[in-house]
Amino acid sequence: MRSLLVLCLLCAPLRADEDAATATPAAAAAEEAVPVDNERISYEGSQLLKVTAPSEDKIEALEKLLDMEGVETWLRAATNISSVDVLVKPESSDRVKRYLDVNGLAFDVIIDNLQAAIETENPSISQEEMQELEGRKGHRMTWQAYHRLADIYGYLDYLSQTYSRFVSVQTIGSSVEGRPLRVVKISSGRPNSPAIWIDGGIHAREWISPASVTYIINELTENQDAHGEAVRNVDWYILPVLNPDGYEYSHRVDRLWRKNRKGSGRCAGTDLNRNFGYKWGGAGSSKEPCKEIYAGTGPFSEPETSALSNFVQGLRGSLKAYVSFHSYGQYILHPWGYARGSPPDQADLSRVGKKMANAMRQAGGASYTVGGAASTLYPASGGSDDWARGVANIKYTYTIELRDRGYYGFILPAHLIVPVAREALAAVKTISSEITAPSS
């Protein structure tokens, strides 16, 4: 048994009381309706364990571990069912470790104190620094820290004003708590151009997703000429934060919050990536509201997924690719997620996925595993990728699970934003090259 204490040279988290008054009206609206009576949840003493069944006869004991109170599964892949990352709360630690010892399950302590990792994850940016940055650049985004929703929306406003010839921003709907769902369109300026959809932040705690998606937006606008003809021949539709309520909640109250914010209490929220109307309610989802994978009361019961569906359906015919960024595990997943198996054009999906993996490795050095979602990671019915392929009929549909493979898990330090975002950019550039190739 070894203990790896997460170390990071970064400072304190971004200030929770950051003043949104200096942001644009649309950005300031992102801060409205935030609960102010919730105390910040502490994960002091919680640990992240990587638990391994050393032999096949220990798999059953590993399965029982995942149902124990005080244990939360972070990552378990279908291709390696003998290993799992689990969060263990302090009140359950002794009992869980006794269970592991008695049942012959090996474990490593990956994060010794989760709260300490959370507190060193994100560098502090003072209000004075933010104002100076905004005065110099016209926006607050840095990609050296995880930014709040007001900064992200303010950046979209800046782009639409600065690059109005080819950048526009529209609100496609509102979240449960009334925050706007904002999509940026980066136009090729040519009629009948193929289009690519990108979204991020469907799960609140996966901060690297919106950070990477906004980096992609930055490169496709402010640094467009550096990325070749293919990116200029595509219309890009990008929704950086699909779950704005959950994202804000994860900054203000519970760093590990996953779902949206419908309802109240510990069982609040719906897993938006189980709420899409294709094979809804099947394997890998739950009808129990307290579960992390609660699928909602019905397909598209949530305003966030309903808004996305309506907008994407309106682009039917022009969208050639659909990419949803998540974390973690380093996977490039294609349908199907509801069950093992693949669409008829699996060979093409796999071929392009492997091209993406190669480009990502060259861009940032990380290796990504390519495969069908259910057979490679785990079953997940009602996911956005299956809906995009099965209903919207978008051929190149992928869910990309960004870094890492478990050393930091969801608490990926901000100094890794740029390396990971470069990998994400390489992936979507690969797709743009594919759909603009003469044979496509």
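A: A charge counts as sitting over a ring if NZ of Lys or CZ of Arg is within 6 Å of the ring centre and within 35 degrees of the ring normal. The model discussed here is predicted, and in it Arg255 lies over the face of Trp207, at 3.6 Å from the ring centre.

Q: Which ring has Arg205 over its face, and at what distance from the ring centre?

A: That ring belongs to Phe410, with Arg205 at 4.1 Å from the ring centre.

Q: What describes a pair of aromatic rings?

A: Such a pair is described by the distance of the centres and the angle of the planes. With centres within 6.5 Å as the criterion for pairing, the count here comes to 20 aromatic pairs. In one of them, the rings of Trp143 and Tyr215 have centres 6.4 Å apart and planes at 85 degrees, so this pair is edge-to-face.

Q: Where in the chain do Trp143 and Tyr215 lie, and are they buried or exposed?

A: Trp143 is in the loop between helix H5 (127-137) and helix H6 (149-162), whereas Tyr215 is in helix H7 (residues 208-221), so that the pair links distant parts of the chain, 72 residues apart. Both Trp143 and Tyr215 are buried, and together with Tyr155 and Tyr158 they form one aromatic cluster.

Q: How is the pair of Tyr328 and Phe410 arranged, and which parts of the chain does it link?

A: Tyr328 and Phe410 are edge-to-face, at 5.0 Å centre to centre and with 85 degrees between the planes. Tyr328 comes from the loop between strand E9 (319-327) and strand E10 (331-334), and Phe410 from the loop between strand E12 (396-402) and helix H14 (417-436), 82 residues apart. Tyr328 and Phe410 are both buried.

Methods. Residues numbered from 1 in each chain as written. Predicted model: local features only at pLDDT ≥ 70, side-chain atom pairs only at ≥ 80, totals over all residues. Heavy atoms only, no water. Phe/Tyr/Trp six-rings, centres within 6.5 Å; stacked < 30°, edge-to-face > 60°. Helix = DSSP H or I, 4+ residues; strand = E, 2+ residues; numbered from the N terminus. Buried < 20%, exposed > 50% of the residue type's maximum accessible area, 1.4 Å probe, protein only.
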